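Hi,

Here is the model I promised to pass on.

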Amino acid sequence: METDELRALLQEQHRMTRRLKARISELEEQRSAPLAVVATALRLPGGLTTPDSYWDFLLGEQDALSEIPEERPGLRAVFDERPDQLGRSYVRRAGFLSDIAGFDAGFFGISQREATALDPQQRLLLETGWEAMERAGLAVRRQDRLKAGVFVGMMTSEYVQRMAHPDDKTGIDPYFGTGGGHSMAAGRLSYVLGLSGPAISVDTACSSSLVALHLATRSLRQGECRYALVGGSNLILSPDLMVSLCQNKALAPDGRSKTFTAAADGYGRGEGVGMVLLMRLDEAEREGRPILAVLRGTAVNHDGASSGLTVPNGPAQQEVLRAALADAGVAAAEVGYVEAHGTGTSLGDPIEVGALDAVVGSGVADRQEPLLTGSVKSRIGHLEAAAGLAGLIKVVLMLERGRIPAALAADDGELNALIPWDRINIAVPRESRDWPAGYERRVAGLSAFGMSGTNAHVVLEAYQGAEAAQPAATGRLELVTLSAKHEESLAELVSLAAGHLGRTRAADLAAACHTLRAGRTPFEFRIAVTGRSGAELAGRLLAAAEHGVRELKPSRLTTTLRTRPGAAALGEAVAALAEAYPDLTVGHGRDEERLAEIVKQFGLKVRLTTAAADQRADAVLAWDGGEAPLTGATPQEAVALLPTALGALFTAGAELRLDALRPAGVRAAGDLPTYPFRRRRLWIEERATAAAAQGAAPAALAAVPGAEAADRAAVSAFLHESLRSLMHAEEDLAEGETFLELGGDSFIAMQLTLRIEETYEIEVPLDDFLEEITLGELFERLGEHILSGGVLIAAASERQSA
C-alpha cells in the first residue's frame, strides 16, 4: 500500500472513530436526558384540589384527617376501638377525599350508566389528567392522536365489589370489568384524551406511582412518547383491607402517621389522586411549556431476600438511592432534602433513616450541614399507591418556591429514640425555612417503598433556565378565548378567568392570554375578547357573558382573503406580523399569497380574491356571516387586527389553532383556572343500603303495539326512550350529537339492538352506531329499517294464531 493510500485510510478511520464517539455520547446523553415537570394536578384530603391550595396547606400546621364519612357505612360498621377483635377495624380516622361521588360524565363522553359503574379512581384520573394537560397549555384534541403516554399507579379497586354479591350476581353489568380493571385506568385516560403512547397501569403496592414515574422516564428518554402523564390513585371504599391491616397492627389507632417521632405506632391511611405531566427538558423549552422542576434521575429495585416480604431492607434502600443519583448524574453532597417514605412505624423509620444517612447524610464526607427530611404522610395520611405522587408534587412545589415546610409540629413530641439522631447527619425541620444557602443548586430526593418489596427513588432539581430570551412587549392588544360545553360552565369559567386576569401583572399578561387561547380545547359555547390590560380583558369577558352566548357546532370555516390590487403595504404588514409572532411561517411569493399562508396556519381554509376598487383596507378576511380587516393605515396595525379577526372567527364557530399567535419570548402559564366540571352524583351505594338509596332499576319499555309501530313518530319515540333508559340519562338526548359523543359504546349499542329485536323481531346491524352521524340521523335510519322490515310483534302473533 502506497503512503498516500495509507494516509487516506488512517484519516478515514479517524473520522469514523470521531463519528462513533459522537454517536456513543449522543446515546449516553439520551439515556440520562433531564426531564421537565410541566404540570401537576391533584385531589387530596382536606379539600385540596389545586397546587396553590396544597402549598398553603403544607405551610400550615393542621392535618387533613377526618372521621369515616357517612357515605362509607361498610367502614363504619366494622369499627371497634378495641384491638384484637376478629373481623373488626380499630381505626375511624383517615385522610378522606371530600367528594368522590360527583362526576361530569357528559364532558368526557361517558353515559351516566357507565359512569355510575366506573371506579371513582378512573373518574378522578380523568379529571386530573385533563387539568394537567390544561396547566401545560396542551389543548386536548382526540383526532390529533397526541404522542403521549399514560402511566398510572394503583393497588386497589374496591368500588366494583358493590355490583357483586356471593349469592347474587344480578348487579353485574357489562361495565363490571371495564369499570374496575386496573389496566382500564391507564387505557381509559388514553382513550378519552386520544393519546397514542404507551398506557400502563402499575401495582407494586405503596411504591406504585413512583414505579410508574420510573417507567415514564424510560419511555420519554427512549422516544416512545413526547409527553407522559403519570398518575397515582387510592380510595378507601371497602372494609376488607382496613380490617386486614388492623389484624396485623400495621395501622396507627388514631389514624395518623407520626413519622420519625417516639409516638410512631403504625401508619395512617389516606386517599387521593395525583397527576404530573412530563416532557424532555429540551423539548419543553422549545415548546414554551411551564417548567416547574427538572427530573434528573430515577431508580427501582427490590428488597430480595430479607426478614420478610413486607419488612423493609436497609441495604436495598441504599442501593436504590445510589442508583438514582447515578442516573441523575448528581453527587450525594448536592442533595439538600429528601422526602422520605416515612410511614411512621417503629420498624420502618429507623431502617429508612439509616439508609439515608449512609448514602446522603454521614456517608457524604464534605456535607456542610445536616440533610433535611420529612414526609407529607404525617399531614394527609399514607396514600398507598398514590403516596409517591403526593410526595412528588410537594417536592416540586418546594423546589419551585425555594422553601422547605416544617415536617413536624411543635407538639408532635420527641423524635424516635431508636434512631441515633446525635450520631447521624440528618435533621427533621420543625418550622418552615428557606432552602439551605450552602448549596449551589436546589436538589431533592423522594423515596417510596412498597409492601411488595419494590423500592423506588427519584432525584429532582429546581429549574434554573432562562424564562424568556426576550420579554414580550406590554400594552399590545391581546386576544382571550374561552369556551365550555354548557352555558353555565362557561359563565363559571368566565368568572374564574376574569378574576385571574384582573390580578395578572402586565409582564405576565401575554403568557396568560396565550395559554387561554392556545392551550384549551374549543367547545360549543364561546366568548372572545381583546384588550390591552388584564383589567380591560376581565371587564370585557364579564360584559360578554352578561349578554349571553349561543351554542355553536365547531367547524372548519372557509374564508376569503380579499386584497387590493397592487397594495404595496401588504408586504410591510406581513413583515410586522412575522416580527410580532415569530412562530408564524412566512413563505415566498406575492405578498397576498404570503398573507394567505399566515391565515392558513390558524387552521382556516383560505380563498384568494381581488377586492373591489372601493375597498377601505388593503386586505379583508371574510367568511359566511362576517368579515374583518387585516391591514390598516400603518403596517403595525396588522398586529392588532389579526387577533381581532381571529376572535370574531372563534365566536363564529371556526375550528382554530391559535398556537402561532404566541408573542416572542412567551412561555405558557401554568397557574390559570382549569375547566369547571359539572359534577353530578353517580354512585352505587353499598349493598346494605343499595335498595333504599338507588331505588328500582329503570323498567324495560313495553313492547310497542303493532298498530303504533307503523307510525314513524312512535318508532322514533321508542328508540329515544330506549336509549335514554339504557344510558340512565336524566335529560332528553340531544339528537344533534353523535351516539359516541353522548357516551354510547358497543355495550349500549348491543343492548339497544336487543330491545329492538325483541320488540319488532327484526335484526339490526351494529355498524350504524359507529358511524359519525347524528343521533337524529341514526334514529331515522333505524326507523326506516324497522318499518321496511315488516315483521312486527303483532303481525307475528297473528300468523301464529292463524
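Axes are lines fitted to C-alpha atoms, for helices over the stretch in contact, and angles run from 0 to 180 degrees between N-to-C directions. Helices (H or I, at least four residues) and strands (E, at least two) are DSSP runs, numbered from the N terminus. Two strands pair if DSSP finds at least two bridges between them.

Keep in mind that this is a predicted model, where local features need pLDDT of at least 70 and side-chain atom pairs count only at pLDDT 80 or more, while totals for chains, interfaces and linings use all residues. Residues are numbered from 1 along each chain as its sequence is written, and side-chain values use heavy atoms, with hydrogens and water left out.

**The 11-stranded sheet**

This sheet is open, with mixed pairing and the order S6-S5-S7-S8-S1-S9-S16-S15-S10-S11-S13. Its edges are strand S6 (199–202) and strand S13 (426–427), each of which pairs on one side only. Inside it, strand S1 (residues 35–43) and strand S8 (residues 272–280) run antiparallel and are joined by 8 bridges. If you want a landmark there, Ala 39 has Leu 277 in S8 as its bridge partner.

Two helices lie across these strands. Helix H5 (residues 120–135) lies across S1, strand S5 (148–153), strand S7 (227–234) and S8, and runs at about 135° to S1.

What do they pack against?

S17 and S18 are themselves partners, pairing in the antiparallel sense over 7 bridges. Thr 481 has Ala 528 in S18 as its bridge partner, and 6 of the 7 residues of S18 are buried.

Ser 483 is worth a click. This residue lies in S17 and is buried, with a relative accessible area of 8%. Its side chain makes polar contacts (pairs of N or O atoms within 3.5 Å; within protein, one must be able to donate a hydrogen and the other to accept it, and residues adjacent in sequence count only if both atoms are side-chain atoms). One reaches the backbone nitrogen of Phe 523 at 2.8 Å, and another the backbone oxygen of Thr 521 at 3.3 Å. Leaving aside neighbours within four places in sequence, the residues in contact with Ser 483 include Leu 490, Leu 493, Phe 650 and Tyr 675.

**The four-stranded sheet**

There is also an open sheet of 4 strands in the order S20-S19-S21-S22, again with mixed pairing. Strand S20 (605–610) and strand S22 (626–629) are its edges, each pairing on one side only, and the twist averages 25° from one strand to the next. Helix H19 (residues 591–600) packs on this sheet, touching strand S19 (558–563), S20 and S21, and its direction makes about 155° with that of S20. Strand S21 (residues 619–623) runs antiparallel to S22, with 4 bridges between them; Trp 623 stands opposite Gly 626 in S22.

Beyond its neighbours within four places in sequence, Glu 592 is in contact with Leu 561, Thr 563, Leu 570 and Leu 608.

**H26**

Last, helix H26 (residues 775–789): its 15 residues should span 21 Å at 1.5 Å a residue, and its end C-alpha atoms are 21 Å apart, which agrees. Leu 775, Leu 778, Phe 779, Leu 782, Gly 783 and Ile 786 are buried. These cover an arc of only 130° around the axis, which puts them on the same side of H26, whereas Glu 780 and Ser 788 are exposed on the other side.

Cheers

Terms used. Contact = heavy atoms within 4.5 Å. Buried < 20%, exposed > 50% of the residue type's maximum accessible area, 1.4 Å probe, protein only. Expected span 1.5 Å × (residues − 1). Arc of directions from axis to C-beta.
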